[in-house]
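Subject: A structure for you to explore

Hello,

Here is the structure I promised to pass on. Please open it alongside this email, and then read on for what turned up.

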Amino acid sequence: MKETQHSISTSVAALAALIRNCDAVDLAPILSTNMARWSTHPDFAVIPNARNFEQNGYFLQTLIMPEHVGCHVDVPAHFHRSMSDRTMDTFAPDCVMGPAKKLDVSGLDLAPGVLLTLGQFEAALKVAGHTIEAGDVVIFEFGWDKNLPAGQAGRDRDWWGKNNPGLSAEVCAYLAERHVKAVGADTASVDLGQRDGETTADHGHRTYFLPNLILIVEGLHNLAAVPASFYFIALPLNIEHGSGSPLRPIALVPRA
């Protein structure tokens, strides 16, 4: 028993040393009242003075939030009536943790509703030097942060929630065939193309990702700050019968 405990302690110490030699890069937006989100979802709101020092002797805010706000994960029950039993509380806490392979396609400057083609995807894979493997978390950097209200383009929150590029059926099929763990992006919907609130395609949600228990991570931020490879950590809330959950994602990046 002592030998087993010593082995565990040694392994924990080694893991702690590895983590200490990594930078943790925040990939989450700040949650704020009336923030940008998928246009038809309920708003997020903060009641800032729910408890205060003058009346209560301490400070506390109340949050009013849908399951799909900020950076969040979609599970099959969100999109498929036939999979209503595959809710958030049926997935392991590490369901969207794993080695991440980022594909920077921001230089393509894809317009809202336009889908990333297999050729463009394979070119980005080659530039990044990636081979997609089972258990990977594949993340697309469309550069969509620029279209947030505080971004370079200064779009309003409704525009951001109604417009984004997506993924072609061939790209979604490629990822599904390789049994990736999750797919994420810095847009409101990852694979769904949107133009002024009209969906142009939903191959991942509908056919290739959620039906195959490949989870979808939407609303990532700050992807330009991380390299092509890192370790992705994001923990969902254990919501009973949840259709998804907000996330606080970070990238663990080894220091040079």
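In which strand does Leu 60 lie? Leu 60 belongs to strand S3, residues 60-64. Before going further, a word on the source: this is a predicted model, where local features need pLDDT of at least 70 and side-chain atom pairs count only at pLDDT 80 or more, while totals for chains, interfaces and linings use all residues. Residues are numbered from 1 along each chain as its sequence is written, and side-chain values use heavy atoms, leaving out hydrogens and water. Helices (H or I, at least four residues) and strands (E, at least two) are DSSP runs, numbered from the N terminus.

**On the surface**

Together with Phe 53, Tyr 58 and Phe 59, Leu 60 makes a nonpolar surface patch of about 430 Å². Such a patch joins nonpolar side chains (Val, Leu, Ile, Met, Phe, Trp, Tyr) within 5 Å, from residues with over 30% relative accessible area and no salt bridge. A salt bridge is a Lys or Arg side-chain nitrogen within 4 Å of a carboxyl oxygen of Asp or Glu. Areas come from the Shrake-Rupley method with a 1.4 Å probe, and for residues only the protein chains shown count as cover. Leu 60 has a relative accessible area of 37%, so it counts as partly exposed (buried is under 20%, exposed over 50%, partly exposed in between).

**Around H5**

Why is H5 described as largely enclosed by the rest of the structure? Because 7 of its 9 residues are buried. Among the elements that these buried residues pack against are strand S6 (115-116) and helix H6 (203-208).

In the loop between H5 and S9 you will find His 179, which has a positive phi of about 55° although it is not a glycine. Most residues other than glycine have a negative phi. His 179 is exposed, with a relative accessible area of 57%.

Enjoy exploring!

Conventions: Patch = residues over 30% accessible without salt bridge, like charges linked within 9 Å, V, L, I, M, F, W, Y side chains within 5 Å. Buried < 20%, exposed > 50% of the residue type's maximum accessible area, 1.4 Å probe, protein only. Contact = heavy atoms within 4.5 Å.
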